[in-house]
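Colleague: I would like to learn how to read the strands, sheets and chain contacts of a model such as this one. Could you take me through it, one feature after another?

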Amino acid sequence: MYKHIILAVDGSDHSIRATDETIKLVKGTKTIVEIVHVSDFSKSKDEVLHAEGQEALEVKRRKKLLPIEESLETQGIAYNVKLLRGEPGPAIVEYVNESQADLVVVGSRGLNSLQEMMLGSVSHKIMKRVECPVLLVK
Amino acid sequence: MLTSIKEQWFSNVRGDILAGIVVALALIPEAIAFSIIAGVDPMVGLYASFCIAVIIAFVGGRPGMISAATGAMALLMVPLVRDHGVNYLLAATILTGVLQIIFGIFKVARIMKFIPRAVMIGFVNALAILIFMAQVPHFIGISTMTYIFVAITLAIVYIVPRFFKAIPAPLIALVVLTATAIFSGFDLRTVGDLGAIQRTLPSFFLPDVPFTFETLQIIFPYALALTIVGLLESLLTASIVDDMTGTEGDKNKEARGQGIANFITGFFGGMASCAMIGQSVINVKSGGRGRLSSLVAGVFLMFLIIVLGNVVVQIPMAVLVGIMIMVSIGTFDWSSFKYMKNAPKTDVVVMLATVIIVVATHDLSKGVLAGVVLSALFFVAKVSTIKVETRVESSLTRFHVKGPLFFASVDGFIKHFDFSKQNEKIIIDFTDTQIWDDSAVGAIDKVMIKLAENQNDVTIHGLNPASKRLIDKLAIHNDPNAKLSAH
């Protein structure tokens, strides 16, 4: 079906559901699954301040992806992981547009319209600007 | 060497120039406000920012980081300026430069790494509190109009960026409210009431102080405090910029660079400065990555002052107060509250002690020193050096690790391995050690991947079940495609 799916995650429950949908799409096929996670720049200051050094910080970030990686592994799906840095929405959009992916799967935070206006929405930005189909998982 | 120059200066020209401009615009109110905190003429902070930003662009170790007049440094200068005057401050700045160069040469940057996280969090929180406290005399109990202007400044600074990000909100607040103040004739205190703005470039002069031992006695303690605080904040900021950009700067080069910059700045009428967390984050977020961004920021700042100096004196103090309150809120580490719930009790005590001592003495360096000592006392029970014994037996090499492996012993652990070994059978024996934290897992990973790169056959022995669980879950060395950094 799809050759290369990018699964954009933030480690939250929505990401787990997005992972489940990806599994449904990919099981039994040879699709490449790429897990993409963006370390939000704006949180860098807090994260560096609270981390016990660079090594601990990197492992802490990978830890967020653990449940997602575990679920893909138990289904026998091959994947690789890409950690990006920057503002979550634009960073994912740029990465997806530059890659050869033919589908992006992303979870939606389920914000109501007031929250969306105040906080912005990563999934919204992805939907608007990415140049391939998007599967938005609620 | 030439490729490195090309990479550090010219690989991101457009981003650097734009970011540099944004930084300069955001920097003007801050440099002025910090000068006022220190009790000196606004030009002292502005000249300092210009000199430091320009010099660091050339000699700094962390491209993309912005250094200029800062609150942390300004707060330390208050008693010196009050009791002895600005010339002693300039002399102290020069001495600070010298000390920082010495610290850089002696690779003191590495020691800074061991300043516990609790102390750094305390530092940042105490700084935020002090910056806020310094604003109080400028807006409490002056006039209702002052409160109104402060409130409007805060409103602009927090609401406008949600809709319009191209121009820094503090600058918008500055322009709009200064114009309002000028045209409305409201009676507000202005920057001009506190000092004059010279629309000239800085000039070289020797500070007017007697070259005696007595002078040295007066300025040395301040210079030492400035050196410590300056390097601390600069190294913290460098780590943040490292993380944001995914690259690693040279900490010792940065220390030497800060020293050179401060040394020269003292001769040009500027106050001691250091790296700024807030502006560096703005720089990177605005697309700045290379040395050019710092240069552009400094030059553009000076250009604006020369061109717009007349207007700058009319900026109402209330606007600067509003901006400083925003800086204070942004500097404070709000996740400290969660930290206090989750961190070990001894760490929380260290953090609170650091904050209390800083606020009580108005001296960041005293708080840091007290925090470090306290933390060391708590930590002494836990710390032990990690030993790695190498034994070469008939067909294999055995590395026997002794002592706890955790963030403070990770470096020592990694250094013990001879990565030039090739095609050997290697056993790493962890029977006499404990893996304490994620740093340890990361370090073991690193070692295993590097050894595997040279076709060594590496096996791990003797992990206790808890450690084994951690490694199995988190380490990536078993993944044949693993590379050292996960990006």
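Modeller: Let us start with a crossover in chain A, where β1(A), helix α1 (residues 13-26) and β2(A) make a right-handed β-α-β unit. Please keep in mind throughout that this is a predicted model.

Colleague: In what sense do β1(A) and strand β2 (residues 32-40) of chain A pair, and over how many bridges?

Modeller: As a general idea, strands of a sheet pair through backbone hydrogen bonds, either parallel or antiparallel. Here β1(A) and β2(A) pair in the parallel sense, over six bridges, and within that pairing Ala8(A) has Val36(A) of β2(A) as its bridge partner. β1(A) is also joined to strand β4 (residues 103-107) of chain A, to which it runs parallel, by four bridges; there, the bridge partner of Ile6(A) is Val104(A) in β4(A).

Colleague: Is strand β1 (residues 4-9) of chain A largely enclosed or left open by the rest of the structure?

Modeller: Burial can be judged by counting neighbours, and a residue is called buried if 20 or more other C-beta atoms lie within 10 Å of its own. Five of the six residues of β1(A) are buried, so this strand is largely enclosed by the rest of the structure.

Colleague: In what order do the five strands of the open sheet in chain A stand, and which strands are at its edges?

Modeller: The order is β3-β2-β1-β4-β5 (chain A), with parallel pairing in this open sheet of five strands. At the edges stand β3 and β5 (134-137) of chain A, and each has a single partner strand, so one side of each is left without a neighbour in the sheet. From one strand to the next, the twist averages 20°. The pairing of β4(A) with β5(A) is parallel and takes four bridges, among them one in which Val106(A) has Leu136(A) of β5(A) as its partner. Helix α6 (residues 122-129) of chain A packs on the sheet and touches β1, β4 and β5 of chain A, while its direction makes about 160° with that of β5(A).

Colleague: How is chain B divided into domains, and what distance separates their centres?

Modeller: Chain B is divided into domain 1 (12-332) and domain 2 (387-474), and the centres of these two domains, taken over C-alpha atoms, are separated by 45 Å.

Colleague: What is the strand order of the four-stranded open sheet in chain B, and what kind of pairing does it have?

Modeller: The four strands follow the order β3-β4-β5-β6 (chain B), and the pairing in this open sheet is mixed. Its edge strands are β3 (387-392) and β6 (457-461) of chain B, each of which pairs on one side only. β3(B) and β4(B) pair in the antiparallel sense over six bridges, with Val401(B) of β4(B) as the bridge partner of Val388(B), and the two strands form a hairpin with three residues between them. By contrast, strand β4 (residues 396-405) and strand β5 (residues 425-435) of chain B run parallel and are joined by nine bridges. In β5(B), Gln434(B) is the bridge partner of Pro404(B), and Thr433(B) stands opposite Gly403(B). The chain crosses from β4(B) to β5(B) through helix α18 (residues 410-415) of chain B, in a right-handed β-α-β crossover.

Notes:
Residues numbered from 1 in each chain as written. Chains lettered and ligands numbered in written order. Predicted model: local features only at pLDDT ≥ 70, side-chain atom pairs only at ≥ 80, totals over all residues. Buried ≥ 20, exposed ≤ 12 C-beta atoms within 10 Å, placed from the backbone. Pairing = 2+ DSSP bridges. Right-handed = clockwise from strand over helix to strand, strands pointing away. Domains from an automatic or database assignment. Axes fitted to C-alpha atoms, helices over the stretch in contact; angles between N-to-C directions. Contact = placed C-beta atoms within 7 Å.
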